[in-house]
Amino acid sequence: MAALIRLCVALLLALGLLPALPAQAARGSWTITGFPGGPSAELVLDPQVGTLALAVTRGGVRVLEPSPVGIVTERADLSQGLRFRHRRDRVVAEHYTTTVGKRLKRWALMREAAFTFENAAGARLDLVVRVAHDGVAYRYRLPEDHGAVLRETSAFTPAQDATAWLAVHRRDYENPFLQYPVQSAPAADFMVPALFENGGTYLLVTESDLDGRYSGPRLTHEQGSGTYRLQLWDPQVQVGGPLATPWRVMIVGDLATVTESTLVDDLAPDSKVRDTSWIKPGQVLWTWLAGGREAGQSLDLQKEFVDYASARDWPYVAVDAGWYFLKDQWDVTDPQWPTTSWIPQLVEYGRGKGVEIVVWIHFRDLDTPEERALWLPTLRKWGVRGDKIDFMDAESQERLRWYDEILPATGENHLMVNFHGSTIPKGIHRTWPQVMTMEGVHGGEKRTLTTAHLTTLPFTRNVVGSMDYTPMAFQRPARPTSDAHELGLAVTYESGLQDLAGTVASYQTRPEAERFLEQVPTAWDETRLLSGRPADHVVLARRSGDRWFVGAGISGAARTLDVALGMPHGRWLVEVVRDGPAGLVRESQVVDGPRGRLSVAVPAEGGYAAIACRWHPGITTCDR
């Protein structure tokens with residue numbers, strides 16, 4: 001594989017698609033060139049005060065104005081008084097696979113420039129900048145121990161007439177995204193990611209490779225300012241030697257480039273789980289909104305959910321918090337205490353029906369080595385396939401170190417993981433492929449949802465990794481979506497374990513939703529944005545094998561969504577499930593692959609879901 005990568009890099013150089021590495025630039029200003037049509041970065045050292053600033057340009061348009069770069073530790077101020085020492089360039093080319101995401105097979109190709117600076121006391125700072133076709137990233141490397149990190153001076157200044165989509169910072173990332181002009185956004189701390197747009201070019205600020213070596217970020221904004229400054233969760237980040245900080249990531253391009261980007265995973269460390277054959281994404285019948293605590297405390301009700309999941313060919317049922325409250329009745333001093341739970345009986349029943357079990361567990365019962373040594377092997381012994389761990393509610397260094405401990409432990413016990421009340425994916429899917437999804441979203445459990453927020457999520461939170469929004473709660477009266485819009489979320493929202501939140505009765509009264517949900521997968525070979533605008537509408541297509549699935553939703557007034565499908569050559573059967581006068585209806589048409597268009601009239605707050613498969617005479621449905 002390494003030889004193949006080197007051959008591809010050589011070919012790109014020969015074709016002029018990968019610019020040759022630059023000669024040493026004049027001191028004081030350096031350009032890191034990218035790829036044709038992609039962004040480039042410029043690093044500037046102020047000769048008077050020795051401060052660094054980074055700017056990003058794409059297509060001759062300044063996407064990020066010169067923005068401060070630097071880091072301050074207990075023993076060294078590496079944000080000013082810096083002197084340039086040298087620069088080293090290389091090409092980074094990697095191939096990897098994931099278990100979930102926008103596409104399972106990935107190629108990562110980036111230009112890297114590593115700059116070395118020193119301050120007057122001889123303290124060294126390495127600034128590593130990478131440029132890819134879809135963005136720019138940088139990180140700080142401290143080759144020597146300079147004590148605790150006190151702060152970064154990292155900041156982001158988008159174009160001053162840009163539009164922003166921001167969510168006020170919350171420890172579990174569960175706040176809605178709202179639209180503001182860049183400068184007049186309120187004084188607040190905002191979550192990362194944050195999205196900015198100027199003249200059709202988008203900038204998504206996020207991060208990659210965050211773990212217990214460091215501390216989680218937020219963006220601090222002062223009203224009237226166009227600059228968003230990075231602030232760390234902890235006032236001091238403890239460091240016990242050399243340090244490489246997380247990547248500060250800027251995904252840059254048109255909206256399709258941002259939406260389809262895998263840059264966050266591309267920057268992350270390789271997988272630490274060698275055998276991934278036991279990791280299987282899929283649809284989950286999630287029983288909390290469908291039945292609450294009562295359902296979680298009843299083996300009989302859970303068996304009924306298993307029966308329904310089996311009939312739909314859904315591979316998983318998730319038993320939420322209800323079962324877990326019964327543990328207070330168990331005698332944990334008895335060595336055989338786990339056998340008093342009915343979960344093993346449910347697992348055995350489910351396997352007879354082709355359905356596996358996922359169970360909820362509270363963080364407080366996994367926050368010590370002793371508890372993890374008790375619970376995780378017990379779940380594996382019971383035959384549970386995954387655990388939904390809830391209420392971490394922090395990105396402090398201490399809590400991130402807990403993730404560093406629970407991740408290898410779940411891998412060793414062959415438990416797939418769904419983190420709730422958590423941080424968000426920051427390359428975790430590449431490094432720990434058993435992490436199937438994470439919450440970190442103002443999602444389907446909330447009662448204050450708007451379609452403006454829902455049509456922003458594909459371009460913000462879901463860009464960085466799997467998102468457990470928990471769609472399909474058709475029974476909820478406060479739901480802002482039409483039925484077809486809600487159904488389309490099964491495609492527009494990517495999640496390795498897609499927790500479906502509807503009641504059995506709500507599905508049974510919507511047979512077209514049942515049929516579609518029986519077909520749609522949760523792992524994808526390709527993802528393409530067909531049309532969209534944050535807080536306005538989204539039409540997203542994803543491919544699994546030889547079939548395409550389309551999800552669409554709008555915010556606001558009724559309209560017709562007309563999009564070019566851009567399918568491969570040939571004839572395609574497209575089945576659309578849309579909102580009809582009396583409920584969901586299905587319509588079919590045959591389209592030409594490259595030239596075919598899909599035009600669907602949708603009601604206010606509406607949308608649609610669609611399946612496309614190869615057509616030839618005699619084919620009348622995409623069912624399998």
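Predicted model: local features only at pLDDT ≥ 70, side-chain atom pairs only at ≥ 80, totals over all residues.
## Rings, charges and cores

The charged end of Arg-312 lies over the ring of Tyr-308, at 4.8 Å from its centre. A like arrangement brings the charged end of Arg-528 over the ring of Trp-548, 5.2 Å from the ring centre.

Two of them are set out below.

| Pair | Centre to centre | Angle between planes | Kind |
|---|---|---|---|
| Phe-196 and Tyr-228 | 5.3 Å | 55° | tilted |
| Phe-363 and Trp-402 | 5.0 Å | 80° | edge-to-face |

Phe-196 belongs to strand β16 and Tyr-228 to strand β19, so this pair links distant parts of the chain, 32 residues apart. Phe-196 is buried, because its relative accessible area is 2%, and Tyr-228 is buried too, at 0%.

The other pair also links distant parts of the chain: Phe-363 is in the loop between β24 and α8, while Trp-402 is in helix α9, 39 residues away. Phe-363 is buried, with a relative accessible area of 10%, and Trp-402 counts as buried at 5%.

Elsewhere, ring pairs join Trp-30, Phe-84, Phe-115 and Phe-117 into a cluster.

Now for the nonpolar cores. The largest has 175 residues, and Met-250, Trp-323 and Phe-419 have the most contacts inside it. Apart from this core lies another of 21 residues, including Ala-541 and Val-563.

Which residues does Phe-419 contact, leaving aside its neighbours within four places in sequence? Among them are Ile-389, Met-392, Leu-407 and Glu-439, along with Trp-402, the ring that pairs with Phe-363.

Key. Residues numbered from 1 in each chain as written. Heavy atoms only, no water. Core = buried A, V, L, I, M, F, W, Y, C linked by side-chain atoms within 4.5 Å. Buried < 20%, exposed > 50% of the residue type's maximum accessible area, 1.4 Å probe, protein only. Contact = heavy atoms within 4.5 Å. Phe/Tyr/Trp six-rings, centres within 6.5 Å; stacked < 30°, edge-to-face > 60°. Helix = DSSP H or I, 4+ residues; strand = E, 2+ residues; numbered from the N terminus. Lys NZ or Arg CZ within 6 Å of the ring centre and 35° of its normal.
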